[in-house]
Amino acid sequence: IEMSNYQFEKYREIVKNEINSEGRTHLAALQNLIQVCSHPDLVNDEWQYKDVSDLVSSGPKLKATLDILSEVKRKGEKALIFTFYRDMQLILERVIRFKFKLEHIPIINGDSKRRLRSVDHFNAQEGFGCMILSPKAAGTGLNITGANHVIHYTRWWNPAVEQQATDRVYRIGQDKDVTVYYPIMTSQNFETVEEK
């Protein structure tokens, strides 16, 4: 997915600041670059002040994810979306709930108290649905065969953790083909952190 101009400028600003800074850890800059790829408004918490249409128009990956979900909905199927950024989980929840008129979109992360209850309810629901998860919090012990689409919105550094997350839907009892998506931000000007 090609970066927007707004996203490109934010990305370039982080790289420029990193080159000109002394004593900073490169890890912090990498995290900021990954956040900008997820959504350009994550870095400065600007997302909280934007409405749904502004969030979608300024985030190409978010728009591409909505396109994927539209196709999932057309098929009457369900999807899991994995991202470890809690603010991104909230952005996705707000935008998806608004776009698809869903009453409830479960989020499973380190704060979740009733994971199994949420999963059982999600699996039992008929038709289109979506669940947002942290790859670490949901990586083991859950059987979410109600979904057969997996979107790794924000890539985890360890491929084994991503595979465990994908395996939540690819379990005994899954009778549909499982489709896995890896939306990756690109730029014509350089290789992005997500491409690397």
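The legends below describe close-up views of a predicted model. Residues are numbered from 1 along each chain as its sequence is written, and side-chain values use heavy atoms, with hydrogens and water left out. Because the model is predicted, local features need pLDDT of at least 70 and side-chain atom pairs count only at pLDDT 80 or more, whereas totals for chains, interfaces and linings use all residues.

**View 1. The open sheet of five strands.** The strand order is β2-β3-β1-β4-β5, with parallel pairing. Strands (E, at least two residues) and helices (H or I, at least four) are DSSP runs numbered from the N terminus, and two strands pair if DSSP finds at least two bridges between them. The edge strands, β2 (107–108) and β5 (179–181), each pair on one side only. Strand β4 (residues 149–152) is joined to β5 by three bridges; I151 has Y181 of β5 as its bridge partner.

View 2. Helix α5 (residues 86–100) touches β1 (78–82), β2 and β3 (129–133), contact meaning heavy atoms within 4.5 Å. The direction of α5 makes about 170° with that of β3. Helix α6 (residues 115–124) also packs on the sheet, touching β1, β2 and β3, at about 155° to the direction of β3. Axes are lines fitted to C-alpha atoms, for helices over the stretch in contact, and angles run from 0 to 180 degrees between N-to-C directions.

**View 3. The contact of α1 with α2.** The axes of α1 (residues 5–20) and α2 (residues 26–38) come within 10 Å and cross at roughly 175°. The two helices are therefore roughly antiparallel, a term for angles over 145 degrees. Residues in contact include Y11, I14 and V15 of α1 and L33 and V36 of α2.

**View 4. The largest pocket.** This pocket has a volume of about 350 Å³. A pocket is an open set of points on a 1 Å grid over the protein atoms alone, where a 1.4 Å probe fits, with protein on both sides within 12 Å along at least five of seven lines; lining residues have an atom within 4 Å of a point. Among the lining residues are F84, R155, W156 and W157.

**View 5. The second largest pocket.** About 150 Å³ of space lies here. Of the 13 lining residues, K78, N123, T145, G146 and K176 lie nearest the centre.

Technical notes. Parallel < 35°, antiparallel > 145°, perpendicular 65-115°, else oblique. Points joined across faces, edges and corners; volume = space filled by probe spheres on them.
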